[in-house]
Amino acid sequence: MMRNYVVKCVYALVVLMLLHDDAASIHGEEVRCLDKERRALLTFKQGIRDVMGMLSTWRDDDDCCKWQGITCSNQTGHVLRLHLCGSGLDVLIGQANISTLIDLQNLEYLDLSGNEFLNSDISEHIGLFTKLRYLNLSYTYVSGRIPPQLGSLTHLRYLDLSYNFLDGEIPSQLNHLGQLQYLGLQSYGEIQGEITFQNCELSGAIPFESGDLPLLHTLKLGGDFVLKTKDAEWVSNLSFLKTLDLKSLSLGNSHQWLPMIRKHIPNLSELRLSDCSLSDNDVQFLFDIHSNNSSLTILDFSSNMLTSSTFQLLSKFGSNLRKLYLSHNNIVLSHPHYPNFPSLVILDLSYNNLSSSQFQGNFNFGSNLEQLDLSNCSLTDTSFLMLFTSIVNSSSSLLVLRLSYNLLISSNIFHWIFNFTANLHTLYLNGNLLEGPIPKAFDKEMNSLEYLDVSRNKLQGEIPPFFGNICTLQILDLSFNNLNGDFSRFIQNSSWCNRHRFYVLVLSYNRITGMIPKSIGLLSELRYLELDGNSLTGEITESHLTSFSKLVVLTLSNNSVSLKLVPNWIPPFQLIILQLASCKLDPNFPSWLHTQNHLIYLDISDVGINGSIPEWFWYKLPLLQYYLNMSHNNFVGAIPNLPLRLPHGALIDFSSNQFEGVIPSFLLHASSLILSKNKFSNISSLLCQDNNIAKTYLGTLVLANNQLEGSLPDCWESVSSLLFLDLSYNNFTGKIPPSIGSLVKLEALVLRSNRFFGKLPSNLKNCTNLFLLDVSENLLSGPIPSWIGETLRRLIVLSMAGNHFSGNLSMHLCYLKKLQLLDLSRNILSNEIPTCLQNFTAMSKKSINSTETTGLIHWKNNTYYETYGFFFSGYTFNITVMWKGVKSCFKNPELRLNSIDLSSNHFTGEIPKEIVYLVGLVSLNLSRNNLSGEIPAEIGNITSLESLDLSRNRLSGTIPSSLSQIDNLGMLELSSNSLHGRIPPGRHMDTFDGSSFEGNPDLCGQQVNKTCPGDMAPVKPEEPTTHDDEDDNSGFYEALYMSLGFGFFIGFWGLLGPLLFWKHWRIAYLRLLNKVADYIYVTVAVYAEKFHN
């Protein structure tokens, strides 16, 4: 994500030195900063969490001109430059309120790039800094729209707003920036892991026309723009252009843009056209007349539709190329391609399928190649070895090698890398299939390594301590493997010569055992210590942690460690992330958390805390902007209704405690609020107060298993942002309020197990995004509304069991093509089952497309980001169904179940023959109805069936022989019908006992122990003859058995007792055994020798 970030920071520093003004550092000078400007800077600092101490010099009693990142005029003392560029782990977090800096009216340079200012926007007050020449807010996660007031900054030469969550149109006022030389306006349109930020991007028309911004030498533009001819003309007339970076623009086959770019190529030093729908022909058009171009040094064609022919074409003029990015294409390297890039320093071929590549000959990458990225290339052990053999001439210069998420298996991969290069400082092997131990020679062969990531593999064996002997190592990630061994030995058996630079240790989710030794304090520079998901034991005291003054991330969850910290302990660190789930804490609330002022992520679930939460902690909630989980403890009492404002996007989980009373309204500021399994009794104050700003962000509200009672409040329009609402297992009564229908974004509605009565409100038809509707176990009545099938077309789960619904089963339900679970059992539905059930197309597929279904339920795009934040949890739903005759609860059953349950109704007529087309059905229950006719002969086509219950109907005819074809059938219930004939034999049908068929007197077969006509009568085995004197002998046998037991006891202890309790007897007995053994050995040896001779 921040591939060029360090370069940009260096560039910023260069611009900082070149700007022409009278500024100078006045350290040691008499001129001091103005008090008004110092106070403005301190106010700006208040909204920021400075975890790594970037602002540690910003103190109230000091001259602000001496503060880090501040440069003042050496004549006036005015602040001229504010340079707070974040990098790596050294970032600022929080709210960047630029309007607090208004008093810095002489500010010429402002760089806040690389920090994390989530939920901040670019204030319209930015237009008041009229002397600004340099403004860099890239990579700061700010959101919202670009303020048109930027057009007032007519002295700007550098403007970079790239890689944020900005949306909307580019303000036309930016064309007033006639002095601008650098313009960066790219948004997050690229893939970031599993999340595609497609909706947080700039859009609309490009507002510039020919002649605007004539001094531009760097243009970086990306978004969902409507491209016009005038836009290409504008770029074409930028005569000073040296860097052109166009991202996510549809340029393929463009008759305006491609010729314009082709015209600029001879003068460009950097060209980036990623995600622009380019083909091989487009690239050939761009370069066919510039094959001898010598100025281009950086080329980025990633995320297009290019093949190996483009790779070959580029090599013809690539003698001066230093950086080449071709990721996310269709490139295959094979004979007769011999790419020639003698000056290349960086090559990125990631996300190309190189598994079928046939590497022959040598690829000439020269001796300058320092970075090679082959991530996600489907490389196997064989193809990797062939590739590296082909580039052996270049491998000795490699510094960075990325092989993440390939198909590498053998741990010999380490030896191969040892042989190819000895200068690596960064190695990514995460996300492969590596097995076996990490080789012992690793530390000797990789003695220059700084960053090692081999997480998410299958590595085994004891975790090697030699990593501490690699004196250059700074970051080590071995998480999600099968490594074992004692953690104490890992720490104590190493020299840790890198302890002064080692700052990240990640060993999460392995099989590491033992205790955490106090000697871990030797690693005093650690910032990240992640040990969660292992089998660590023992106690952790403050002496373990005293040395970690720079620690910001501590994860110990899912271990068996106990934290024994004195109540008045003041930690030397300020944590950002703390995870202690399932550890053992003192029953009292950890008071040392009072000292932690930068926590944004806290998990103290299931740690054994009792009692109430101290009031000071509630005032910490505004700091926890991402995640707070205190579930599965024993917290009691009411949550105070304080005037707090939680940050945008927070997830709060207080489930499985003993909280009671009213739910305070400030919790509505969260994006996910999970309060299930408590004793809350009232939600009116949560919903029906005038708190509109807070309610905009609530996406998940789970209040299941509480003591909520009375009528449901009718003010749901106040939480119109809700996506998931679960009120199940409470004591609500009355009708479902109509305002529920105002939740038009709602995707899951769970009202199970209450006492709602009346009809479903028709307003629910407005909730067209519902994929889950569960109103089972209530007192609802009336017909099943036809609008469910007409408007709720996205439904995957529909559960209305255990109510008083009556009438026909609406034909409109057959419109629910995505339906995978239908439960209408235990109602008063009557007449025939519709024959259109075959329209449930999701059930007509043999396997569930879990990726597609999960995509609907646990969405991974940013449709919801701006409203709900990064850490929005979605919803893990529980469905209770009758499964194989037993009431069972399933989590996220879309991954397993295709089920229809219409049992315990009054349905009549025949079982629809069309049901046999639902070949993906796993469970079918039509029991306890008045169905007649025969079982469909082709029911065996439903080969996925695991449970079939047709009992307690009036079915007739024979049992179809096709049932024996369903190998997965584990539960079959056909009892209490009028079936006749032979029960089909064979396969698993013989495993069902008579209870599955009882109540059908005319059935026959071995399952019901009844012969069928034409069968031979079974021959009964002859019963043994009984003797009348059997009782007479019982006393004799009883005495015999008692004597045998008593004799065994006396003999056993008579021999072993003396040997166990008298030493002399024991020695004598052992000597006797030795003599006997020696005698046997000698005798056997003598006879063996005689036999041999």
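**The Cys65–Cys72 link**

Cys65 is buried, as is Cys72, where buried stands for under 20% relative accessible area, exposed for over 50% and partly exposed for what lies in between, with a 1.4 Å probe and protein chains only. The two residues form a disulfide with their sulfur atoms 2.1 Å apart, the term being used for a pair of cysteine sulfur atoms within 2.5 Å. The link of Cys65 and Cys72 is left-handed, with -100° about the S-S bond.

**Basis of the model**

This is a predicted model, in which local features need pLDDT of at least 70 and side-chain atom pairs count only at pLDDT 80 or more, while totals for chains, interfaces and linings use all residues. Residues are numbered from 1 along each chain as its sequence is written, and side-chain values use heavy atoms, with hydrogens and water left out.

**The Cys33–Cys64 link**

The structure holds 5 disulfides, and one of them joins Cys33 to Cys64 at an S to S distance of 2.2 Å. Because Cys33 lies in the loop between helix H1 (5-18) and helix H2 (35-46), and Cys64 in the loop between strand E1 (48-49) and strand E2 (70-72), the pair ties together parts that are 31 residues apart in sequence; helices (H or I, at least four residues) and strands (E, at least two) are DSSP runs, numbered from the N terminus. Cys33 counts as buried at 13% relative accessibility, and Cys64 counts as buried at 0%.

**The Cys814–Cys836 link**

Cys814 is joined to Cys836 by a disulfide with an S to S distance of 1.8 Å, and this link is right-handed, with 65° about the S-S bond. Both Cys814 and Cys836 are buried.
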